[in-house]
Amino acid sequence: MTQELTSPSPAPQAPGTGRGPGWWRDAVIYQVYLRSFADSDGDGIGDLRGARERLPYLKDLGVDAVWLTPFYASPQADGGYDVADYRAVDPLFGTLQDADELIRAAHDLGLRVIVDIVPNHTSDRHPWFQDPELARQRYLFRPGKGESGELPPNDWESVFGGPAWTRTDRGDWYLHLFAPEQPDLNWDNPEVHAEFEAIMRFWLDLGVDGFRVDVAHGMIKAPGLPDIGHGAQAQLIGAQVLPFFDQDGVHAIHRAWRRLLDGYGDARGKQVIGVAEAWAPSAERLALYVRPDELHQAFNFQFLNAPWQSDALRSVIDASLAATASVGAPTTWVLSNHDVVRHTTRLGGSLARARAATLLMLALPGSAYLYQGEELGLPEVTDLPDEVRQDPAFFRGGRATGAVGPGTDTESAPDGAAAGGQDGFRDGCRVPLPWSGELPPYGFGPGGSWLPQPADWGGLTVAAQTGDPASTLELYRAALELRRRLPGLGDGPMSWAPAPDGVLALTRPGLLCTVNTLGHDVGLPAPGTPLLSSAPVTVDDATAQLPGDSCTWWAI
Ligand code: GLC
């Protein structure tokens, strides 16, 4: 490690002390799915240098922070969520020096940096799993059932399909809630706790501003690992507490991490945060992850899964705000990520709805996460040939769409706002970004792209959309700029205003937001002066015509 790596770069200024009001309470955080963001070396895979070179784009977009998906040493059995060395950078993505330079460059631009931490499982190539003695203590091995132990220890299914157990050459079985290459850690072992705290300190020392905690609801399993007795467990994930997900015991881990994060931040006058990826069955159970002594944020997947209907949206927004308010936390909104069908496609293949949904999300109190490419209105890619697929769930026949969460499959989308992906697997939302030009790889890098990009993305590139006021990119830029300019938007109060059927109207300090979820125009008394709209809105004689599937912000 060089001298430079030993002194972390200063984070952007946060008001007050490490505890302060909380920069994260209303931050807009942009998810960089690194392998698909920008490639600097021509191997067709995005990398840290490529991301660093594009940071000015993110600054200009107007986000507050960047979340980088795993770039650690990994055999890439699950896009890097199978970590073999938590303190090393995979050569695919660059070097530790590159990570250091990216964090510094982000901070110089006033952007914070969040990195993933993957505590539920490691790679099967991790040195702990490679050593049989260590492995027995630090992972979940059990004898099989049946006369000669030939049956798995219980009926748990892998999220990616098939049994959650694999038998070793020694005859015993190990648990993997995801791919067999991702053995679950034994969190009853204090050495596991100590190791993850040390890993966090390693990255904090490098200057990161927080962690996105992967499968934050999974580390603790019910005592005795009881059977579930349900043949289609994927349908239960996020719908109820399971013996392997959302067990109460996980909260003790999050409390310990909060102490670590607060202690680290207080000592340096900064705020470093944890955001939970937790698929909890209700807003109330999700709120437990953001109690004052636990993590700072938890992705609100109930909102992501809501159908495009005014009543459903209103009730999920109310339930989310009430649940987080009850523990004093902000709500953390999200519409797309690397595990679900892009919301342009998920909301009935309608860019109009996607743009409206985004404006709604950005008008709500709290923090919001954007997934790379949604600012371009990218759709899910639905015609990837089998030979280019890489999602491990595709090969294991796992569940369709939202491989780690419920409700985005066609059956559960009540208004037919169907998932709409190719077949629900996750490569279609991970296709590399189009930056410029008329042909693939559209400026993604000097080589090709690890997944093929559609031939008709020339009009969707960053270059093509920049400066076009009707483009989705300029809509995002304008919304984020207004969010910064309007005091009280972000972490302020919200109330509902009267609105016709199918329309939502909510007021924020200085702003009224209308959402027409119907497929046709709706007229209503103009509530003010239009500030920004996802579709052209007209005001005649004090009557506003809200276009179908649109959202408008009004100055009041
Ligand atoms: C999380 C990640 C997902 C990954 C899984 C297993 O849900 O978002 O991409 O496959 O964890 O680590």
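The structure is a predicted model, in which local features need pLDDT of at least 70 and side-chain atom pairs count only at pLDDT 80 or more, while totals for chains, interfaces and linings use all residues. Residues are numbered from 1 along each chain as its sequence is written, and side-chain values use heavy atoms, with hydrogens and water left out. Helices (H or I, at least four residues) and strands (E, at least two) are DSSP runs numbered from the N terminus.

**Helix α7**

- Helix α7 covers residues 190-205, and its 16 residues should span 22 Å at 1.5 Å a residue, which agrees with the 23 Å between its end C-alpha atoms. The expected span is 1.5 Å times one less than the number of residues.
- The buried residues of α7 are V192, E195, F196, I199, M200, F202, W203 and L204. Buried means under 20% relative accessible area, exposed over 50%, and partly exposed in between (1.4 Å probe, protein chains only).
- An α-helix has 3.6 residues a turn, so residues three or four places apart point the same way.
- At the start of α7, the backbone nitrogen of E191 has a side-chain oxygen of N189 within 2.8 Å.
- After α7 comes G207, with a positive phi near 110 degrees.

**The sheet of β6, β8 and β7**

- These three strands form an open sheet, ordered β6-β8-β7, with antiparallel pairing.
- Strands β6 (141-142) and β7 (165-167) are at the edges with a single partner strand each, so one side of each has no neighbour in the sheet.
- Strand β8 (residues 173-175) pairs with β6 in the antiparallel sense over two bridges; two strands pair if DSSP finds at least two bridges between them.
- Y174 in β8 is the bridge partner of F141.

- L511 is part of strand β16 (residues 511-516), and it counts as buried because its relative accessibility is 0%.
- Leaving aside residues up to four places away in sequence, L511 touches A363, L486, L489, L506, L531, W553, W554 and I556. Contact means heavy atoms within 4.5 Å.
- A363 is 148 residues from L511 along the chain, and their C-alpha atoms are separated by 8.7 Å.
- Strands β16 and β21 run antiparallel and are joined by six bridges, with L511 opposite A555 in β21.
- Strand β18 (residues 529-533) is also antiparallel to β21, joined by four bridges, and L532 stands opposite W553.
- Strand β21 (residues 550-555) is largely enclosed by the rest of the structure, because five of its six residues are buried.

Terms used:
Polar contact = N/O pair within 3.5 Å; in protein donor to acceptor, adjacent residues only side chain to side chain.
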